[in-house]
Amino acid sequence: MPTPGQPERRRPACSGGRAHRCPELRQAHQLVRDFAAMMARRTGNTTLTTWIAGAIDTGLPGISTFARHLTADIDAVTAGLTLPWSSGPVEGNVNRIKMLKRQMYGRANFDLLRKRVLLA
């Protein structure tokens with residue numbers, strides 16, 4: 001029971017009775033948690049192939065399809081789940097430039113767009 005002034009702590013929806021009554025939901029929940037842990041701990045080089053095999057064996061439509069598509073470029077996926085480098089800053093700049101380009105569409109010539117990209 002919560003003390004006065006503190007909010008009541010709620011259990012996550014997946015930890016209740018529904019997950020225990022539905023084995024497919026329990027499997028999907030566990031596979032998603034395992035993949036999230038693999039991303040957070042960067043253990044793709046050791047656990048990715050076993051996760052993919054387990055996900056395909058479950059036969060769950062969305063997760064098994066996702067796992068099969070991961071095998072198409074397994075080297076890049078393993079590097080993304082293992083190495084500490086990220087392309088986030090580059091993607092952020094690309095997104096900013098595309099936004100500026102959309103804002104300037106039909107308004108002025110290339111010189112003004114170039115100035116906005118360089119000064120913004």
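Reader: What are the ground rules here?
Author: This is a predicted model, where local features need pLDDT of at least 70, side-chain atom pairs count only at pLDDT 80 or more, and totals for chains, interfaces and linings use all residues. Residues are numbered from 1 along each chain as its sequence is written, and side-chain values use heavy atoms, with hydrogens and water left out.

Reader: How many helices and strands in the protein chain?
Author: The protein chain has 7 helices and 0 strands. Both are DSSP runs numbered from the N terminus: helices are H or I with at least four residues, strands E with at least two.

Reader: How many aromatic pairs turn up?
Author: The whole structure gives 3. Rings of Phe, Tyr and Trp (its six-membered ring) pair if their centres lie within 6.5 Å; planes under 30 degrees apart are stacked, over 60 edge-to-face, the rest tilted.

Reader: What do Phe35 and Trp51 form?
Author: A tilted pair, 4.9 Å centre to centre with 50° between the planes. Phe35 sits in helix 2 (residues 23-41) and Trp51 in helix 3 (residues 44-58), 16 residues apart.

Reader: And Phe35 with Phe66?
Author: That pair is edge-to-face, at 5.6 Å and 80°. Phe66 is in helix 4 (residues 61-70) and Phe35 in helix 2, so the pair ties together parts 31 residues apart in sequence.

Reader: Is Phe35 buried or exposed?
Author: Phe35 counts as buried, at 14% relative accessibility. Buried means under 20% relative accessible area, exposed over 50%, partly exposed in between (1.4 Å probe, protein chains only). Phe66 is partly exposed at 38%.
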